[in-house]
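Hi,

Here is the structure I promised to send over. Have a look at it first, and my notes on the charged side chains follow below.

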Amino acid sequence: MKAAIVVFPGSNRERDAGRAITQASGTAPAYLWHQDTSLPAGLDLIVLPGGFSYGDYLRCGAMAAQSPIMREVKAAAGRGVAVLGICNGFQILAEAGLVPGVLMRNASLRFICRNVHLKVVATNSMFTAGYAPDQVIAVPVAHAEGNYFADDHTLDRLEGEGRVAFRYCDAAGVVTPATSVNGSARNIAGVFNDRRNVLGMMPHPENMTEAMLGGSDGSALFASLAKALP
Amino acid sequence: MKARIHVTLKHGVLDPQGKAIAGALASLGFAGIEDVRQGKFLELNLAETDRAKAEAAVRAMCEKLLANTVIENYTIELG
């Protein structure tokens with residue numbers, strides 16, 4: 001799997017993502033700078049990592065979404081290259097229009113940094129094929145703006161097309177408004193684009209990839225990609 | 001020419017910050033606040049002197065970067 005991670009000023013989880021990719025595929029990713037105007041040839045996967053790109057100025061992800069490299073990322077996504085946006089990367093994908101909706105301030109107005117439970121809603125993607133349907137996994141979140149919002153029509157369409165990847169739930173897998181850790185509409189923690197080659201998610205699977213980190217529930221996501229993109 | 005832009009959350013979009021501000025004002029003893037909606041104010045100094053051209057340019061700026069029209073409305077004042 002030939003992977004690249006885009007580094008924006010203020011990214012801070014790019015090494016974590018790189019480590020998870022190397023662990024899953026045996027090949028270290030390339031690191032790209034936000035001002036780059038081209039991508040390495042033959043990329044299978046592009047990751048937009050977590051962090052605080054451009055200091056979260058204006059809106060989270062808004063400035064990064066307009067950076068030069070994102071024109072190339074959009075074009076690559078259009079060609080079917082896999083794109084994974086985690087946390088700030090999800091915010092960037094949403095601001096760039098690569099996935100629908102927007103990430104708003106958490107309903108609690110607090111920065112939330114703790115492990116949460118997710119239900120894997122859709123396993124028919126190259127990101128989630130390694131999970132069992134409705135599997136409950138534990139992974140961390142660390143964000144102040146992860147409150148997913150889209151209008152009802154968009155939410156209905158996402159659900160109807162099976163494009164909700166993960167939902168916030170409790171340890172038993174129960175999905176209720178009370179288990180939507182940040183207030184996200186319909187507990188949505190991750191969504192696909194219409195072609196299912198772009199996934200945006202707020203939680204950090206790259207930070208749950210071995211026992212030393214508290215668990216390895218995030219590993220299957222990277223293993224799924226490595227298997228789908230040999 | 002100056003452009004003054006207000007960016008506000010659309011009707012129906014929850015505004016937890018606005019709610020917190022309303023709560024804080026109430027706790028300070030300001031009575032009768034029915035609702036608070038917070039937003040952004042931006043002031044641009046433009047070299048453009050043609051009003052129609054300036055408005056078109058600022059509108060494009062709002063659509064592309066300054067507002068996220070999924071959740072936000074914007075208004076432009078020129079002068």
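**Salt bridges in the model**

R59(A) is buried, its relative accessible area being 9%. Keep in mind that this is a predicted model.

So what does R59(A) form a salt bridge with? The partner is E95(A), and the closest N and O atoms sit 2.8 Å apart. This pair ties together distant parts of the chain, 36 residues apart: R59(A) belongs to the loop between strand 3 (45–48) and helix 2 (62–65) of chain A, while E95(A) lies in helix 4 (residues 88–95). E95(A) comes out at 16% relative accessibility, and it counts as buried because that is under 20%.

The other spot I'd point you to is around E159(A). Its side chain meets that of R186(A) in a salt bridge, 2.8 Å from N to O. Here too distant parts of the chain are linked, 27 residues apart, with E159(A) in helix 5 (residues 152–160) and R186(A) in the loop between strand 9 (164–169) and strand 10 (188–192) of chain A. R186(A) is partly exposed at 28%, and E159(A) also counts as partly exposed, at 31% relative accessibility.

E159(A) forms a salt bridge with R167(A) as well, the closest N and O atoms being 3.1 Å apart. R167(A), at 17% relative accessibility, counts as buried.

Which residues join these in a network? D152(A), D156(A), E159(A), R167(A) and R186(A) are linked by salt bridges. Over all chains, a search of the whole structure turns up 12 salt bridges.

Cheers

Notes. Residues numbered from 1 in each chain as written. Chains lettered and ligands numbered in written order. Predicted model: local features only at pLDDT ≥ 70, side-chain atom pairs only at ≥ 80, totals over all residues. Heavy atoms only, no water. Salt bridge = Lys/Arg side-chain N within 4 Å of Asp/Glu carboxyl O. Helix = DSSP H or I, 4+ residues; strand = E, 2+ residues; numbered from the N terminus. Buried < 20%, exposed > 50% of the residue type's maximum accessible area, 1.4 Å probe, protein only.
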